[in-house]
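Below are some notes for a colleague opening this entry for the first time. Please read them beside the model.

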Amino acid sequence: MVRLSKEMQEKIKDLPEDVKKAITDYVEATLLVTDHDCMYLYEQGAKDCVALLKKLGVL
């Protein structure tokens, strides 16, 4: 991941500032959405686990 980050920084260094900002903003937004999705799936998995344990009579 560090290698890819350095590679991206190297490739965009000569681009105009507005293009660099657009790319950086897009990458950051994508990462935030991905993080949100992962957290949602984690929480939903925990809820599903509790529901299954209740159906099985464990809880």
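Is Cys49 buried, exposed or partly exposed? The first point takes this up.

1. Cys49 is partly exposed, with a relative accessibility of 41%; buried means under 20% relative accessible area, exposed over 50%, and partly exposed in between, with a 1.4 Å probe and protein chains only. Cys38 is also partly exposed, at 49%.

2. This is a predicted model, in which local features need pLDDT of at least 70, side-chain atom pairs count only at pLDDT 80 or more, and totals for chains, interfaces and linings use all residues. Residues are numbered from 1 along each chain as its sequence is written, and side-chain values use heavy atoms, with hydrogens and water left out.

3. The count of disulfides (pairs of cysteine sulfur atoms within 2.5 Å) is zero. The sulfur of Cys49 lies 19 Å from the closest cysteine sulfur, in Cys38, which is too far for a bond.

4. Helix 2 has 39 residues; helices are DSSP runs of H or I, at least four residues, numbered from the N terminus. From first C-alpha to last, helix 2 reaches 56 Å, close to the 57 Å expected at 1.5 Å a residue, where the expected span is 1.5 Å times one less than the number of residues. Gly57, with a positive phi near 80 degrees, follows helix 2.

5. Lys20 is found in helix 2. Lys20 is buried, with a relative accessible area of 17%. Leaving aside residues up to four places away in sequence, Lys20 touches Ile12, Lys13 and Leu15, a contact being heavy atoms within 4.5 Å.

Methods:
Helix = DSSP H or I, 4+ residues; strand = E, 2+ residues; numbered from the N terminus.
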